[in-house]
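Please look at the model shown here before reading on. The report below goes through some of its strands and loops.

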Amino acid sequence: ARTTGALVAAAAAAETCSAAAEGPVTGAAVAEALKAEGRGRYAALAGTADASAMWFADVPGFTRSVVKSDHALVTPESRVFAPLPGWTNALGAVLISPQMLGAHFSMTWVRLAESSAAGPPLPGVERFVYLLDGSIDVAPSSSSSSSSAAPPVSLSKPGDYAYFPPAVAGEPPSVLTSAAGATFIMYERVYSAPPAGGAADGKTPHFLTGQTDDLPNIPCPGEVFGLKKLLPHSPEYDFNLHVMDFAPGEHLNVKEVHYNQHGLVLLEGKGIYRLANDWYPVQAGDAIYMAPYVLQWYGALGDTRSRYLLYKDTFRDPLNSYAA
């Protein structure tokens, strides 16, 4: 029989989406292990065994997920994967979409199997992907690159990313494939061109790739967190992706209220997220949608850093409907 410690380790692996080598772990299996160790079937309940054996992944109906009028928390046990239209050997869990509280973008947790390929975005839609695991190959269309002869790009390190602007009519769309499989977060939205006559008049966003940890932190007066912006801070781009790092105990100083929408994935660590008047314990793998003007605040807990990926619409007038 497996020991309680082994079961706890297996349970932790299962909660981080890693398959336990010895198969699924359930509360019943934990009870059997305790019994085999001679401590009785209620040892964990009575507090005479390691309390970490009392985990919650298999409690019927249990979830930390919450959907309210101005925010949503979607935790790993609530993800629902389904085939993505036009994709090959791929599954996606759409965590945020326009069907959720009026969001103007989508955020999808994507799993690619071997010999997989992404379908093209819908007309006028831009796409951003952030690699969590595995590897993907990207072939930009001639119209979406600053170079008409841009070679294919391989993304293989966690934190690699790629941005695809909307394809120009008549041009082949950008291509995303994976030979061995991959997992990534994907953001999509209908592109909003900058106003005519402005600083970005005539400019268009370009295909680009990068690695998060190659970027410098951007000074943010009054705050203590580390901030990296993955897209150029330029008005031809109508959104940006921020990566924000907090040491244990650090927190946002500003209790933010603003018109921008957010789509967040906690990549590392754990902490407390305040949304409106609710306070949520969160951990790596959790996803959050924040509607315009919802009060928001984060504090990092634990003994390792927190890192999250955050979508934010930028450089567009809030009086226009696409920024509402």
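Strand S14 (residues 239-246) and strand S20 (residues 306-313) run antiparallel and are joined by eight bridges. Within this pair, Asp-245 has Arg-307 of S20 as its bridge partner. The strands named here are DSSP runs of E with at least two residues, numbered from the N terminus. Two strands count as paired if DSSP finds at least two bridges between them.

This is a predicted model, in which local features need pLDDT of at least 70 and side-chain atom pairs count only at pLDDT 80 or more, while totals for chains, interfaces and linings use all residues. Residues are numbered from 1 along each chain as its sequence is written, and side-chain values use heavy atoms, with hydrogens and water left out.

S14 and S20 belong to an open sheet of seven strands with antiparallel pairing, in the order S1-S2-S18-S15-S20-S14-S13. Strand S1 (66-67) and strand S13 (226-229) each have a single partner strand and stand at the edges, so one side of each has no neighbour in the sheet.

Strand S18 (residues 287-290) pairs with S2 and with S15, as the table shows.

| Strand | Pairing with S18 | Residue opposite one in S18 |
|---|---|---|
| S2 (residues 71-74) | antiparallel, four bridges | Leu-73 opposite Ile-288 |
| S15 (residues 262-268) | antiparallel, four bridges | Gly-263 opposite Tyr-289 |

Which way do the residues of strand S18 point? Ala-287 and Tyr-289 point one way, and Ile-288 and Met-290 point the other way. All of these residues are buried, a term for under 20% relative accessible area, with exposed meaning over 50% and partly exposed in between (1.4 Å probe, protein chains only).

Some loop residues can be described next. Ser-141 is placed in the loop between strand S7 (136-139) and strand S8 (153-155). Ser-141 counts as buried because its relative accessibility is 4%. Leaving aside residues up to four places away in sequence, Ser-141 touches Pro-172, Pro-173 and Ser-174; contact here means heavy atoms within 4.5 Å. Ala-167 is 26 residues from Ser-141 along the chain, and the C-alpha atoms of the two are separated by 7.5 Å.

Leu-101 is in the loop between strand S4 (88-96) and strand S5 (106-117). Leu-101 is not a glycine, but its phi is positive, near 55°. Its relative accessibility is 29%, so Leu-101 counts as partly exposed.

Ala-276, in the loop between strand S16 (270-275) and strand S17 (278-283), is not a glycine either and has a positive phi of about 55°.
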